[in-house]
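Please keep the sequence and the structure in view while reading.

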Amino acid sequence: MIKNYIKTAFRGLMKNKGFTFINVFGLALGLATCLLIVFYVFDELSYDRYNTKADRIHRVNNEIKFGGLDNSYAITPAPAAAALKADFPEIEQVARFRNRGGNQVKKGTQDIQEDRMVYADNSIFDVFTLPMVDGSPAKALVEPHTVVITEDMAKKYFNTVDAVGHVLTVNDSIQFKVTGVIKNVPKQSHFHFDFFMSMATIGEAKQTTWFSNNFSTYILFKPGADPKVFAAKLPDFMVRHANAELESVMHLDFKTFEKNGSFFRFSLIPLTQIHLKSASIDEIEPGGNIDYVYIFGATAIFILLIACVNFMNLSTARSANRAREVGVRKVLGSPRSALIAQFLTESILVTLAGAIIAVLTAWAFLGLFNQMSGKELTITPQILGWLLPALLIIILVVGCLAGSYPALFLSGFQPIQVLKGKLAGGFKGGNLRSVLVVFQFAISIFLIVGTLVISNQLRYIQHKDLGYNRDHVLVVKNVWALGKAQGTFKQEVKQLAGVESAALSNALPTDGNNNSTTYFKDPVMEQKRSVLTYNWNVDEDYIPTMGIKMAAGRNFSKDMASDSMAVVVNEAFPKQLDYANPVNQPVYSPANSAATIMAKYHIIGVVKDFNFASLKTNITPLLFNLDHGAGTLSVRVNSQDMPSLIQSIQNRWKGLSPNREFSYSFLDDNFDALYRSEQRTGAISIAFTSLAIIIACLGLFGLAAYAAEQRTKEIGIRKILGANLATIVNMLSKDFIRLVLIAIVVAVPLGWWAMHSWLEGFAYRQNIQWWVPVAAAASAIAIALLTISFQSVKAALTNPVKSLRSE
């Protein structure tokens, strides 16, 4: 019997090839898009879950509100880890990272820049799952100047993974003994270090101050411990350990400090939430965004729903053509259950074909999707483990849902009424189909609104006046490696044709340097007369090279020795200290960790505020110190032959340091990298919105064809009575356009609300323009008209003699 159902269903589908193609292609396109998005979402949600103890690992964050800043930091003081473990029996283990950036590692005679380097406690092997392939994790990082490296680095430097006992030379003079080799850190991790150097190597790890934050601190709870209960104990913990230092530095206790509106607080974030949900400063690596996971997840569901709606719409529209078939089958004795089974079999067959094509399509386009999303997705056995059962469920659910209405509706026909021709409804009267058309076009319009707003915001970011000039600036990295030759290198580069200026600094407006220092209005450190400011070390050429404008006072000068104790600040800095005329005013900063000595500086200039961080945040206080050995060289260039100029700069580098790696980038590229996730989101949104519109149009095309077919004789009679082409096209189109207009009324407000919420994540944003909903509505109407008009014109041009011949 099942074989007969399948054979009959197959014949019926082949008899209506156009209907079958539209259904299979629409479903395949929708399912393939859905699969690609699901792969993306699955990858994002899997971060850090490779750790076998992931559910018990949390990171300690530091919430600081003080001196005009209110931020969450992903770093804590050096003594926090040991104190936490000592105070709380529910903690099984703690571990720290100290990320000081990259170093030069020697391979033969060459010095290779390695950026994935970190100092780590030996306890990282107890907290994280970092399988060791050579060596023992028990004491691998206990001794100073020991290092554990990944398999890739072992092969790179020693041509073998059996590298224990070998020595790495760092920055020409510091030697580290390899005590372990671990497997490469999985891609789905919030850190990807290749060199784990022993924490005992650096004296900073033994600091006792509670107000210097540089360490990423992780807690492994004992089984059964409640992180929420633990988090409630952290305020008392901070008072217990940091109150004495706060009193000695600022002469007030924690209670008074918080009463005045400031705070230092520890908080927890689960390890598996760091990648998507952390908004903290000083993250080890840029993370993802849970909002984009929600957006893409909703988009996947929307596109799948549009494809399913197409299937249901075309199935119900086609049902009128099969009414006589049902009547004949019933007269010949076919029971209702057999008819239901027949229609469901056809529906499931179409869904099965669509699913198979969808899997092949998703696999074929996975590489292109990886380029768009910046991922390295592959179809692994783990994915197949849930993909195949999920596809089977989708095939059964979609097939049964799409086939249920025609199956139940048609199987309930009375054969006498059917054979008398009393059931022949076309598009008119299809209330369910009308609702479904409104639904799928509402989704499409919603996506169009979202895509337009995202594209408009990205365009705004690209063209906003940031307060500095990021164009034509070449950035030479790791100039610190030249040591005392930094100044010589800068002067040699400045002499090159095509170089307008050059400047040394430890920070750029695009690199997220968040080194902060507290400055006070008076030598007596008062909480209300303080500013917590970002602190950049620059030379006298930095401000003009970056095109930053002076608002008052002057820039640093190499001819004025007193500028060593001078500072230049941005406009946000004096506002925090209530300086109406800040030039020549003093500011004070602790000169030692105990803050017993205060260094006095004078403000010699004020630069206009510029965006030195993401446009998602407001401009905060910034201070420049004069320093001629800061480590990065920014070169403003004006050359028609950029490759030759870069080669000339590289030659100057090699002349001073022939064995060190030369590395550079362009400032505008660095700026674009800040918004890479938004750019990828925009590109993916455009692609998926286009696919959603194509799928919706496929359904509308099919419905228009069936509507025209049902009214063939009516069209013939109208043409004989004198109706012209425009009248016929208008008659066939108006019902569909009315539905699209309803969809616009539903979707535009929802799209505006959703995108307004998204834009609130940007401190600097382009408000939703009036033309966005107008463009979305006009696009939907134009697309619908274009889709319908083909069938409408075709029906209107049909010879009425042919359509009325049977009459």
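Thr787 lies in helix 25, which spans residues 771-796; helices here are DSSP runs of H or I with at least four residues, strands are runs of E with at least two, and both are numbered from the N terminus. With a relative accessibility of 11%, Thr787 counts as buried, where buried means under 20% relative accessible area, exposed means over 50% and partly exposed lies in between, computed with a 1.4 Å probe on protein chains only. When its neighbours within four places in sequence are left aside, Thr787 is in contact with Cys697, Leu700 and Phe701, a contact being heavy atoms within 4.5 Å.

The model is predicted, so local features need a pLDDT of at least 70 and side-chain atom pairs count only at pLDDT 80 or more, whereas totals for chains, interfaces and linings use all residues. Residues are numbered from 1 along each chain as its sequence is written, and side-chain values use heavy atoms, with hydrogens and water left out.

Tyr157 is found in helix 5, residues 151-158, and at 9% relative accessibility Tyr157 counts as buried. Apart from neighbours within four places in sequence, Tyr157 is in contact with Val105, Lys106, Lys107, Ile112, Glu114, Leu168 and Phe195. Val167 is ten residues from Tyr157 in sequence, and the two are 9.9 Å apart in space, C-alpha to C-alpha.

## Helix 17 and its surroundings

Helix 17 (residues 486-494) packs with helix 20 (residues 642-656) at an angle of about 150°, their axes being 10 Å apart; the axes are lines fitted to C-alpha atoms, for helices over the stretch in contact, and the angles run from 0 to 180 degrees between N-to-C directions. Helix 17 and helix 20 are therefore roughly antiparallel to each other, on a scale where angles under 35 degrees count as roughly parallel, over 145 as roughly antiparallel, 65 to 115 as roughly perpendicular and the rest as oblique. Helix 17 passes helix 20 in a right-handed crossing; a crossing is right-handed if the near helix is turned clockwise from the far one by less than a right angle, and left-handed if anticlockwise. From helix 17, Thr488, Phe489, Glu492 and Val493 meet Ile649, Arg652, Trp653 and Leu656 in helix 20. The residues of this contact divide into five nonpolar, one polar and two charged, where Ala, Val, Leu, Ile, Met, Phe, Trp, Tyr, Cys and Pro count as nonpolar, Asp, Glu, Lys and Arg as charged, and the others, Gly among them, as polar.

The buried residues of helix 17 are Gln486, Phe489, Lys490 and Val493. Viewed down the axis of helix 17, these buried residues fall within an arc of 100°, so they line one face of the helix; the arc is that of the directions from the helix axis to the C-beta atoms. An α-helix has 3.6 residues a turn, so residues three or four places apart point the same way. The buried residues of helix 17 pack against helix 20 and also against strand 15 (473-476), strand 16 (499-505) and strand 24 (632-637).

## Two further helix pairs

The axes of helix 23 (residues 712-720) and helix 24 (residues 725-759) come within 10 Å and cross at roughly 150°, and the two helices are therefore roughly antiparallel to each other. Glu714, Ile715, Arg718 and Lys719 in helix 23 meet Ile728, Met731 and Leu732 in helix 24. By class, this contact has four nonpolar, no polar and three charged residues.

Helix 3 (residues 80-87) and helix 7 (residues 234-250) pack at an angle of about 115°, with their axes 12 Å apart. Ala80, Ala83, Leu84 and Asp87 of helix 3 make the contact with Leu234, Phe237, Arg240 and His241 of helix 7.

## Loop residues with positive phi

Most residues other than glycine have a negative phi. Asp282, although not a glycine, has a positive phi of about 70°; Asp282 lies in the loop between helix 9 (274-277) and helix 10 (290-319) and is partly exposed, with a relative accessible area of 28%. Asn584, also not a glycine, has a positive phi of about 75°. Asn584 is found in the loop between helix 19 (572-577) and strand 21 (586-590), and at 59% relative accessibility Asn584 counts as exposed.

## The chain as a whole

The protein chain contains 26 helices and 25 strands, and buried residues make up 51% of its 807 residues. Among contacts between residues at least 6 apart in sequence, 79% join residues at least 24 apart.
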